[in-house]
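Have the model open while you read.

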Amino acid sequence: MSWAGRYQVGVKFWQNQEAALQGLKEFTDGWFARRHESAQAALEAAKHFGEAATASDIFRQYQNWLTRAMELLAEDGKAYQQQVLRAGAHLSARPEAQQTDERRTARS
């Protein structure tokens, strides 16, 4: 591989690192936002438990909170899956210079 090809490999490596870090930041920002929303929903449900007139009112509040908590958990899973797919795409990307060098070698 030529020096230019090695240079391109190094540049691509660090570009992939930057993209991976940005993707992880976006994922964790979303995760923290969902955890905050879940904690706020739990707090609201707890407040309503004390105001409930019947056991069915408490159960309804609990059910509403649990439904939202599970929706947020599903969103976590979807966001994680998307992050893993994006990271895999970046890691499998190869610099054009390296691909060109390999094509030349294959034709020889």
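**Notes on the model**

1. Helix α2 (residues 55-92) is the biggest giver to the nonpolar patch, supplying six residues. Helices here are DSSP runs of H or I with at least four residues, strands are E runs of at least two, and numbering starts at the N terminus.

2. A word on provenance: this is a predicted model, where local features need pLDDT of at least 70, side-chain atom pairs count only at pLDDT 80 or more, and totals for chains, interfaces and linings use all residues. Residues are numbered from 1 along each chain as its sequence is written, and side-chain values use heavy atoms, leaving out hydrogens and water.

3. Which residues form the patch? F49, I58, F59, Y62, L66, M70 and L73 do, with about 620 Å² of accessible area together. Areas come from the Shrake-Rupley method with a 1.4 Å probe, and for residues only the protein chains shown count as cover.

4. L73 sits in helix α2. It counts as partly exposed because its relative accessibility is 48%, between buried (under 20%) and exposed (over 50%).

5. Overall, the protein chain runs α-α-α from the N terminus, with three helices and zero strands. Buried residues are 15% of its 108 residues.

6. In α1, the buried residues include G5, G23, F27 and R34.

Technical notes
Patch = residues over 30% accessible without salt bridge, like charges linked within 9 Å, V, L, I, M, F, W, Y side chains within 5 Å. Salt bridge = Lys/Arg side-chain N within 4 Å of Asp/Glu carboxyl O. Buried < 20%, exposed > 50% of the residue type's maximum accessible area, 1.4 Å probe, protein only.
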